[in-house]
Amino acid sequence: MHKYFTIIVLLVILSCKKEDSTSTQNEETSSLKSYAEYVNPFIGTKNMGHTFPGATAPFGMVQLSPQTNFQVMFKDDGSYNKRTYEYCSGYQYADSTIIGFTHTNFSGTGHSDLGDFLVMPTTGKLVLDPIKTEEGNKGFYSKFSHENEKASPGYYQVQLDDYNINAELTASERVGFHQYTFPKSSDSHIILDMVYNVYHHDNKNVWTFIRVENDTLVTGYRQTKGWARTKKVFFAMTFSKPFKSYGHKKYNKETYNGFYRRFNETENFPEMAGKDIRAYFNFDTEENEQIKIKFALSSVSTNGALKNLKTEIPHWDFNKVKEDTEQKWNKELSVIEAQTLTEDDKKTFYSALYHTMLTPIIYEDVDGQYRGLDQNIHTSDGFTNYSIFSLWDTYRALHPLFNIIEPDRNNDMIKSMLAHHDESVHNMLPIWSHYANENWCMIGYHATSVIADAMAKNVGDFDHNRALQASVNTANVRYFDGLGDYIDYKYVPDDKSHSSVSKTLELAYNDWCIAQMARQVSDGKTETEFLERAEYYNNVYDPSIGYMRPKLSDGTFRKDFDPLDTHGQGFIEGNAWNYGLYVPQDITKMIDMMGGKERFSQHLDSLFTMQLDDKYISKNEDITRDGIIGNYVHGNEPGHHIPYLYNWTDKPYKTQERVRMIMETMYGNKEDGLCGNDDAGQMSAWYIFSSLGFYPVTPGSPNYALGSPLVKEAKIHLSNGKALTIKASNQSKDNVFVESVSVNGKLIEGTLLHHHDIMNGGEIIFKMTNQPKSK
């Protein structure tokens, strides 16, 4: 009897342990799920945030997202269509129409491209024009309501009201997965629009080619000439159900078609080729029948796309892909466990973290092959190749954030930049690159900053000497954007190059970064050379007026100069009041040069409190009222370091106050929750850093400027296996000031945090108060 009782007790104990283990596993799964639940992909989709709400995997090549309008770049008279700018991501929350779902989209950029391979399900009479037919009738777009629209990491759903079709989207890294629930119809269609582009113009499509391999498989490619001058994207598209018929319409005038004129190419002919093509595939559907589409991309070939498709999604289980991608997002987002004052703050935080993980994108097939800058096919060796480097934006905070939370990826990104250099006929690192193209947007050579920051923080295993040589090569391409004049005159002359002051300031900082690399590899000659160039900012400072000012090639300052105007005054997307405060490599000297700590602090005070008249921003589409506080423009990148400059004036409490105010007013958990372009994650990265209580004012240095955390507590899981917990004691909406900061029990003297304070793990405690502390 005792033996049986003992066995029963043991079984009960084991059962309880099993239940406890199951419970623990469920708690872990639940914990992971909670991070994705806090993400709102609609943040930034209204006004000028330029984000997209569609389905994508972390850093995925596919961004499968709805397009809500078709705005061409140029009007009939050849003038620029300003409305194009609203659709950098293809989606505007204010719209009530959807014209289809594309597989490539930028997140948050201020210029655009992509929008490849638009797919749209329809029913009824076949219509192949998206907005309006030649006869003036309705196009194939559909009305929709935000009440019937949902988005979460890796998933998007919307009801297409005009066709009573429920559209669902998910994605792996290289494959988009569509699931359309149709009504009963003998006239159901899937349209493949190869004409559509984001930032479309009449000559954007160079060539389009489609092969109907069988009644469920379609392959092809498109070459475009847009922001990326020579962009090729290949695809493989497979249907869960055979189509009953198919065809296409060409929208370009054929000048020569050879002996293809023998065929009726428009219907059931398995080859389609031309400049502008829209194809269609016809089906019979039953009530609530689902047609699924897997759509794989490749920069290499249709075979590469097929390999990606078969490797990543070899089945037809839509929900499995959705759940798998959600778990990928949960894994990425769980790198920071944040506790916040409010639920809205938590959603804003995790949505910002999500937006930092959309760009750059993986740009290689599953076998490592990718199209290089030289348009040849390469195979990555010892790294994953990435693309979309919006470096004028992202060097400031996004890549420094990756050095903490995504160091392995940032290592691969730097190796991708070095591969870009090796493939470049100019022997240059990327300036602003995407899809095997350099688009030359913005100024400076900020890949140097990304590399220097990684070296300063001991991130990655890339070859430091190779990286230095690539940087030196880049810094000596004389025909690049005023660089030869910069070398000769020791500033960029305003009568020889636009945005001359901004270029001088940014190039001087980039040269400082190169000097830091040279110091790391003990190259004293290169260090000395570039430290001298890093001082060239002095040459555009006019002490008679106290501003950075355009200087002419004769050595005189330009006379017609307005330090408030953001257009034509030597600055790009800024003015002398704000952009003129850009000397991150020597902030102390800049402050002394501008009159000392007290005067500089007063300048900052005025910057945040003055009123900037509309006339000063009217000619600049990248600067809008949404992102302006006084004359401080948070909606644009050049000023992101400015709130932290008070730390160098013995008034760090003003940094703390300004930073908290910016987080409260310039970010939020609604569609208009970004005050300007997210710029490939830079705006969001600023928020993540600032919420944690510090910011990389000088990338390339191992130091961060302290601010005022918004989180109550955050635990960062570091790649070295350690964890850092940041605590804000006495945290509240009113307690925005910092009384003290300690790292593992040791008080920090001053306002700087070192990178090893983070990577060593442990605990950083901010003691918060409602009373400012002067030093």
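**Figure 1. Lining of the largest cavity in the predicted model.** The largest cavity is lined by 19 residues, among which Asn385, Tyr386, Ser387, His420 and Ala436 lie nearest its centre. A cavity is defined on a 1 Å grid over the protein atoms alone as a set of points where a 1.4 Å probe fits but cannot get out, and lining residues have an atom within 4 Å of a point. The volume of the largest cavity is about 150 Å³, a volume being the space filled by probe spheres set on the points, with grid points joined across faces, edges and corners. At least two lining residues are supplied by each of strand S21 (369-371), strand S23 (386-387), helix H7 (407-423) and strand S25 (432-434); H7 gives the largest share, with five residues. Helices (H or I, at least four residues) and strands (E, at least two) are DSSP runs, numbered from the N terminus. Nine residues of this lining are nonpolar, eight polar and two charged. In this classification Ala, Val, Leu, Ile, Met, Phe, Trp, Tyr, Cys and Pro count as nonpolar, Asp, Glu, Lys and Arg as charged, and the others, Gly among them, as polar.

The structure is a predicted model, in which local features need pLDDT of at least 70 and side-chain atom pairs count only at pLDDT 80 or more, whereas totals for chains, interfaces and linings use all residues. Residues are numbered from 1 along each chain as its sequence is written, and side-chain values use heavy atoms, with hydrogens and water left out.

Figure 2. A pocket is an open set of grid points with protein on both sides within 12 Å along at least five of seven lines. The largest pocket has a volume of about 870 Å³. Its lining comprises 41 residues, and Gly110, Glu573, Asn620, Glu621 and Asp622 lie nearest the centre. This lining divides into 13 nonpolar, 17 polar and 11 charged residues. The second largest pocket, with a volume of about 530 Å³, is lined by 21 residues, of which Phe70, Val72, Val195, His200 and Asp202 lie nearest its centre. Here the classes are eight nonpolar, four polar and nine charged.

**Figure 3. The open sheet S24-S25-S26.** Three strands form an open sheet in the order S24-S25-S26, with antiparallel pairing. Strand S24 (389-390) and strand S26 (437-438) are at the edges, each with a single partner strand, so one side of each has no neighbour in the sheet. Two strands pair if DSSP finds at least two bridges between them. S24 and S25 run antiparallel and are joined by two bridges; Ser390 stands opposite Trp432 in S25.

**Figure 4. Strand S18 and two paired strands.** Strand S18 (residues 289-298) is largely enclosed by the rest of the structure because eight of its 10 residues are buried. Buried means under 20% relative accessible area, exposed over 50%, and partly exposed in between (1.4 Å probe, protein chains only). Strand S10 (residues 175-182) runs antiparallel to S18 and is joined to S18 by eight bridges, with Gly176 opposite Phe295 in S18. Strand S14 (residues 231-239) also pairs with S18 in the antiparallel sense, over six bridges, and Thr238 stands opposite Lys294 in S18.

Figure 5. A search of the whole structure finds zero disulfides, a disulfide being a pair of cysteine sulfur atoms within 2.5 Å. Cys88 is buried, at 1% relative accessibility, and its sulfur is 10 Å from the closest cysteine sulfur, in Cys441, which is too far for a bond. Cys675 is likewise buried, with a relative accessible area of 5%. The closest cysteine sulfur to that of Cys675 belongs to Cys88, at 16 Å, again too far for a bond.

Figure 6. Ala534 is located in the loop between helix H12 (524-533) and strand S27 (541-542) and is buried, with a relative accessible area of 5%. Leaving aside neighbours within four places in sequence, Ala534 is in contact (heavy atoms within 4.5 Å) with Ala508, Asp511, Trp512 and Gln585. A distance of 5.9 Å separates the C-alpha atoms of Ala534 and Tyr509, which are 25 residues apart along the chain.
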